[in-house]
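The following explanation is intended for a reader who is meeting this structure for the first time. Please examine the sequence and the model before reading on.

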Amino acid sequence: MKKFIIYVTKIVTIAFLIAIMLDGFYTYVFFQSKTRGKIENVFNSNATNYDVVILGSSRANNHFVSQMFEDKGLKTFNYGMSGGHLYEASLMLKLMIERKYEIKNIILEADLNLSNDKESEGVSAKFLPYIHNSEIIKKQFESHENFNELYYIPFYRYIKYDSKIGFREIYKIATKETTNTLDNLGYYPLQKHKNGNMKNNIVNLNPLPHNKYYEEIKNICKANNINFIAVMTPMCENVVGMNYFEKVKKAYPEIYNYENVVMENKYFSSCGHMTDEGAKLFTARILSDFF
């Protein structure tokens, strides 16, 4: 029995040491990455100055044409993240402030994402390689039920979120495989598709009366003298339940409502996402109204 206990102890110890080594190796590789995604691009960057930073979900990523801002002499980057919520937008802004970014204007896409204050697990996982190296990221995850496992158990986060930050991603970083995430100054143009979903029902969607992460973004901007511009972006003409945007305006009167600036289906790839042509029409209106 004694030999068995010693044997098991040795196995556990070896496994723990291997986990520590793998954790350190994976984290080191992520520290070398700047070209695969927006999160590592910010974390591994130096202080940067921007006239305009765009935050939000895919409805920011696909709707604000960064080059059109640049053509007006405004240094701009679109940090909208497909699948992201305000949780990740808030954390991204905090990370920029931690990295000493100087930002004059924040444009936040705040519409459908006001209906929840939860994280997008698939997007938030991409912050986890840096949880031991950023107090901001650590604090953001402290309220999670599995924070202790994520923070204290070596290699746990890489196993749990293997599809996002596991071996496949490590391999792609190591082989310097790039993505199109950072192309077009962060803006991702969409094309019209014959099979695009041109129906949407948001009747049961309601904005939270006090979205924690929206308020965080607004307060961060105020504390850092950043001009805060929150907007609702367009949806196609087939949407059922468009009074959602009226609910948003009532709960958050400072948010500018642009949901009907572009409506014709021909300008949409899917009901919630405009094509490149539609995005250019929308961006032109934003530039005209604010810049």
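The model is a predicted one. Its protein chain has 14 helices and seven strands. The radius of gyration is 21 Å, close to the 19 Å that the globule rule gives for 291 residues, so the chain is as compact as a globular protein of that length. Along the principal axes, the C-alpha atoms fill a box of roughly 75 × 40 × 40 Å. Of the 291 residues, 52% are buried. Among contacts with a separation of 6 or more, 81% are between residues 24 or more positions apart. The chain has an accessible surface of about 14,600 Å², and carbon and sulfur atoms contribute 53% of that area.

Helix H13, which spans residues 244-251, shows how burial is arranged around an axis. Tyr244, Phe245 and Val248 are buried in this helix. These residues lie on the same side of H13, because they cover an arc of only 100 degrees around the axis. Glu246 and Lys250, on the other side of H13, are exposed. The cover over the buried residues of H13 includes helix H3 (58-61), strand E4 (227-232) and strand E5 (256-257).

The surface also carries a nonpolar patch, formed by Met1, Phe4, Ile5, Tyr7, Val8, Ile11 and Val12. Together these residues have about 760 Å² of accessible area. Methionine 1 is placed in the segment before helix H1 (2-31). Methionine 1 counts as exposed because its relative accessibility is 76%, and the cut-off for exposed is over 50%.

Key. Residues are numbered from 1 along each chain as its sequence is written. This is a predicted model: local features need pLDDT of at least 70, side-chain atom pairs count only at pLDDT 80 or more; totals for chains, interfaces and linings use all residues. Side-chain values use heavy atoms; hydrogens and water are left out. Buried means under 20% relative accessible area, exposed over 50%, partly exposed in between (1.4 Å probe, protein chains only). Helices (H or I, at least four residues) and strands (E, at least two) are DSSP runs, numbered from the N terminus. The arc is that of the directions from the helix axis to the C-beta atoms. Contact means heavy atoms within 4.5 Å. Patches are made of residues with over 30% relative accessible area and no salt bridge: like charges are joined within 9 Å, nonpolar side chains (Val, Leu, Ile, Met, Phe, Trp, Tyr) within 5 Å. Accessible areas come from the Shrake-Rupley method with a 1.4 Å probe; for residues, only the protein chains shown count as cover. A salt bridge is a side-chain nitrogen of Lys or Arg within 4 Å of a carboxyl oxygen of Asp or Glu. The radius of gyration is taken over C-alpha atoms; the globule rule is 2.2 Å times the number of residues to the power 0.38.
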